[in-house]
Amino acid sequence: MKHARQQAILQLLTSQHSITTQALAAQLKVSIETIRRDLNALQTAGKIMRRHGLARTLHDGGEPFRTRLKSHYADKADIARHALNWIEAGMTLALDASSTCFHLARQLPDIPLTVLTNSLPVCQEMARREQIELICSGGRLARTERCYVNPALASLLKSLEIDLFIFSCEGVDACGDMWDSTRHNAAFKAQLLRRAQQSLLLIDKSKFYRASEAKIGNLSQVTQMVTDANIDAPQR
């Protein structure tokens, strides 16, 4: 049973990339202490990595953008369509480098807007809109994630009044904490959460009760959320 349970853990991590100790215990119907022993054994064997109460695969950084774009494609596109209801002409928006925000960018009408983003695909999509003023965060291009990493972002934000920050995340755990797979993306989102007048989280049902590498903040900081989840989301 021990071997079968550990194989089940590896299979769950293959499909979800990361998962909390509590979620594993609930899904496998064993105690948290049993799961911790299994995770210790798997980590010692070099099969997983443990950090901050979660287990994760040994992939370095986040999944490639193209992989994320294909995952839950229809759900993300539908969530993005509903997010259009929060956008009005004349607003200054900030969009993150998530695949869900790329779906939003593809559906965004050509109306007078200012859009700040750290996403290369979103920049390319916004460049086709003549009425949208595009501001790229600039910096080093992380090619796998197709986003820009700019340590001087805080200076850029000083000159901007962000009406609405629209973003997604790698997961939301049982405490309502939001996580991302890379520290630079988490830092970008944390700064925009503090700076924006309002924020809109776009999150599909696969991301609840999951954690990842870097903490962004808590749901209590988010103004609104659009999701397709039919479960009780963590309390804000």
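Predicted model: local features only at pLDDT ≥ 70, side-chain atom pairs only at ≥ 80, totals over all residues.
Residues are numbered from 1 along each chain as its sequence is written, and side-chain values use heavy atoms, without hydrogens and water.

Helices (H or I, at least four residues) and strands (E, at least two) are DSSP runs, numbered from the N terminus. Helix H1 (residues 2–16) packs against helix H3 (residues 32–44) at an angle of about 75 degrees, with the axes 10 Å apart; axes are lines fitted to C-alpha atoms, for helices over the stretch in contact, and angles run from 0 to 180 degrees between N-to-C directions. H1 and H3 are therefore roughly perpendicular to each other. Residues in this contact (heavy atoms within 4.5 Å) include Ile9 and Leu10 of H1 and Leu39 and Leu42 of H3.

Strand S5 (residues 113–117) is largely enclosed by the rest of the structure, because five of its five residues are buried, that is, under 20% relative accessible area, with exposed over 50% and partly exposed in between (1.4 Å probe, protein chains only). Leu113, Val115 and Thr117 lie on one side of S5, and Thr114 and Leu116 on the other.

Strands pair if DSSP finds at least two bridges between them. Four bridges join S5 to the parallel strand S4 (residues 92–95), where Ala94 stands opposite Leu116. Five bridges join S5 to strand S6 (residues 132–136), also in parallel.

Conventions:
Parallel < 35°, antiparallel > 145°, perpendicular 65-115°, else oblique.
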